[in-house]
Amino acid sequence: MPSARSLSSLLRNLARPGYARVIAGKVRARFGEDDAARQRALAWYRDIRVRPVDYFAAIDPELAAETAEFGAKVRERAAVVSAEVGFDVDSAGRYELLYFLTRRQRPKVVVETGVAYGYSSYAFLAALARNGDGGRLWSSDFPFFRRADPERFVGIMVPDDLRSGWSLRTKGDGVNLPEMLAEFATIDLFHYDSDKSARGRSFGCGLVLPRLAESGVFLMDDIQDNAWFHDYVMANGPDDPRSKSVVVFGGSNRAFVGGVGVEPLPHPIGTA
Ligand SMILES: C[S@@+](CC[C@H](N)C(=O)[O-])C[C@H]1O[C@@H](n2cnc3c(N)ncnc32)[C@H](O)[C@@H]1O
């Protein structure tokens, strides 16, 4: 149940140009998603999922230790930022996975949809800076609906010294993605974490994936919300070289991140 304050922020935001249209689209898209297909996809995710910490240790133990240090730094910063803004700046916590994969893959062009407070952006930018080879991040967001003055909080987790390699746009994927795609040829890493409806995923990924490099990585957060990721992998299976290395990450049985083109495990967990 939203509080009176979040309700009044929502109503104020609805009066802003473009908001009502985007929200109406989200509500429409949520209806009519097929629950049986989602349950089948979920069973598959549960069956193949790998815990990120196990994956890190199996692929690169040294980088796993560096990633854990980064994770601790993020949590320290979250406490500082939360004290500054006066509320809890929370996250579902996939930043360690994003940091690890960015360090390991060394992408030059990273695109993400969905920024919110910027945990993912922080992870990408910190890893790109540590890679030290000029990689850049393009981020697309549409600010939260339930806070007054929402733009103020987008990406607030990203420290000032990491912002120089960052292009952040906040007009929604429909406007931001076509603008961004005009700025580079191919993408090395794409993280989708904005509109979670199947329709939103088809729209955003339909624009971006044709520009993913042959050796590129595609990550999608919260794949449990519908069958989109499962269906994408099945549909692209035999013809797409990247689909040979699909990894589903999940620390619990409830929330998953899908990865295509991610380095496969050298051996099944527990048999090293
Ligand atoms: C789950 S949050 C992103 C979390 C972020 N990646 C992190 O790690 O902290 C989803 C974000 O996507 C934004 N969003 C939702 N629909 C969008 C759209 N159509 N275009 C762009 N951003 C959208 C939301 O406002 C929210 O900021």
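Predicted model: local features only at pLDDT ≥ 70, side-chain atom pairs only at ≥ 80, totals over all residues.
Some ground rules. Numbering starts from 1 along each chain, as its sequence is written. Local features need pLDDT of at least 70, side-chain atom pairs count only at pLDDT 80 or more, and totals for chains, interfaces and linings use all residues.

Overall picture. The protein has 10 helices and seven strands. These are DSSP runs, numbered from the N terminus: helices are H or I with at least four residues, strands E with at least two. Of the 272 residues, 38% are buried, meaning 20 or more other C-beta atoms, placed from the backbone, lie within 10 Å of the residue's own. Take contacts with a separation of 6 or more: 76% join residues 24 or more positions apart. Contact means C-beta atoms, placed from the backbone, within 7 Å.

Now the helix pair. H5 spans residues 61-85 and H6 spans 95-105. They pack at about 135°, axes 9 Å apart. Axes are lines fitted to C-alpha atoms over the stretch in contact, and angles run from 0 to 180 degrees between N-to-C directions. H5 and H6 are therefore oblique, a class left over after under 35 degrees (roughly parallel), over 145 (roughly antiparallel) and 65 to 115 (roughly perpendicular). H5 contributes Leu63, Thr67, Phe70, Gly71 and Val74 to the contact. From H6 come Tyr95, Glu96, Tyr99, Phe100, Arg103 and Arg104.

Note on methods: Contact = placed C-beta atoms within 7 Å. Buried ≥ 20, exposed ≤ 12 C-beta atoms within 10 Å, placed from the backbone.
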